Amino acid sequence: MDDLSPLRQQWLDRIKDAADPAAIEDVRLSALGKKGEISLKMRELGKMTPEERQTTGKALNALRDELDSALRARKASLEDAALEARLAEEWLDVTLPGRPRRQGTIHPISQVSDEVTAIFADMGFAVAEGPQIETDWYNFDALNIAPEHPARQEHDTFFMHRAPGDDRPPHVLRTHTSPVQIRAMQDHGAPIRVIAPGRVYRMDMDQTHAPMFHQIEGLAIGRDISMAQLKWTVEEFFSAYFGTRVKTRFRASHFPFTEPSAEVDIQCSWVDGKLIVGEGDDWLEVLGSGMVHPHVLRSGGVDPNEWQGFAFGMGIDRMAMLKYGIPDLRAFFESDLRWLRHYGFVPGDVPSVAGGLSR
Ligand code: DAH
């Protein structure tokens with residue numbers, strides 16, 4: 001029998017020299033593949049005498065196994081090295097500070113929405129959502145605003161286009177967040193405590209009005225929820241939001257969806273043209289509210305003989321302007337980078353009642 005040692009050494013050297021997985025595969029095919037050198041040698045066993053076949057067969061089997069293991073080991077070590085190289089190359093220090101010139105800021109409306117949500121969440125309110133394109137039933141009828149009600153005109157509604165013959169219910173861009181009250185009651189029944197921040201739309205545009213703006217709705221329904229709890233909740237909210245004790249004044253008002261209804265003013269003063277909230281003897285109107293009208297409870301599938309509660313609605317943009325001294329509402333939606341840098345907030349500076357609400 002031929003001595004297999006030179007053959008063995010030659011293949012082991014080639015395995016050692018293979019520099020990447022493709023080279024390893026080449027070596028494997030030329031040694032152990034169907035037409036590989038070792039495989040061909042094994043095929044020659046048939047021409048040998050039985051004695052020869054026994055010793056050579058055994059030696060060839062051993063060689064084949066040895067090469068196979070060597071190939072696998074080499075492949076694994078190449079793969080490890082490749083991974084190490086990639087890890088070294090793609091290494092990235094996530095603890096480095098951002099590059100200030102390229103860092104974006106959080107828009108004041110996002111920040112204030114988070115602040116308001118954090119305060120109400122701390123009082124046990126969940127966040128509810130609804131669509132911005134609403135049926136006129138949710139936006140008006142369900143809220144006790146009948147078709148002929150003057151409030152429909154006051155809302156300067158955007159109506160969605162309808163093709164002639166389209167008999168689906170008319171859709172509008174919601175004019176307030178109040179329809180989310182109905183959806184939340186339908187989805188969760190009573191008792192319930194939710195707030196609903198979101199975009200609303202009205203055909204209006206000047207220094208204090210934009211056709212798209214933001215409101216936050218509040219709704220609390222229970223067996224014996226009263227105006228007194230409304231007043232406490234609202235005062236607690238404003239005090240947390242402005243970071244100082246804020247007195248409120250409730251003025252009788254009218255909204256179709258609440259009875260009785262009240263507009264809420266917060267205590268403030270004007271010093272050299274600057275507004276200071278929480279002191280002085282001026283008042284600033286900031287919120288609409290009242291006890292939810294029985295018709296509205298019924299629209300939400302809640303029995304007014306068993307349940308009662310309060311609701312309120314307020315403008316988020318307005319809240320941001322008041323707290324952060326932003327003079328013009330229109331600038332909110334102009335995406336002017338200088339404005340965003342000036343009035344924006346540091347990303348990751350997430351407001352919370354315990355951790356602080358503003359910079
Ligand atoms: N939806 C009213 C608006 O947009 C605001 C409002 C007033 C909401 C009284 C309420 C409420 O929930 O009780 O002008």
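A polar contact is a pair of N or O atoms within 3.5 Å; within protein, one must be able to donate a hydrogen and the other to accept it, and residues adjacent in sequence count only if both atoms are side-chain atoms.

## The model

This is a predicted model: local features need pLDDT of at least 70, side-chain atom pairs count only at pLDDT 80 or more, and totals for chains, interfaces and linings use all residues. Residues are numbered from 1 along each chain as its sequence is written, and side-chain values use heavy atoms, with hydrogens and water left out.

## The ligand

Around the ligand are 15 residues, of which His 176, Ser 178, Arg 202, Gln 215 and Glu 217 come nearest (a residue is near if one of its heavy atoms lies within 4 Å). A side-chain N or O atom of Arg 202 is 2.8 Å from a ligand oxygen atom. For a polar side-chain atom of Gln 215, the distance to an oxygen atom of the ligand is 2.9 Å.

## Helix 2 and helix 4

Helices are DSSP runs (H or I, at least four residues), numbered from the N terminus. The axes of helix 2 (residues 21-32) and helix 4 (residues 50-89) lie 10 Å apart, at an angle of about 175°. Axes are lines fitted to C-alpha atoms, for helices over the stretch in contact, and angles run from 0 to 180 degrees between N-to-C directions. Helix 2 and helix 4 are therefore roughly antiparallel (over 145 degrees).

Contact means heavy atoms within 4.5 Å. Among the residues that meet are Ile 24 and Val 27 in helix 2, and Leu 67 and Leu 71 in helix 4.

Terms used
Helix = DSSP H or I, 4+ residues; strand = E, 2+ residues; numbered from the N terminus. Parallel < 35°, antiparallel > 145°, perpendicular 65-115°, else oblique.
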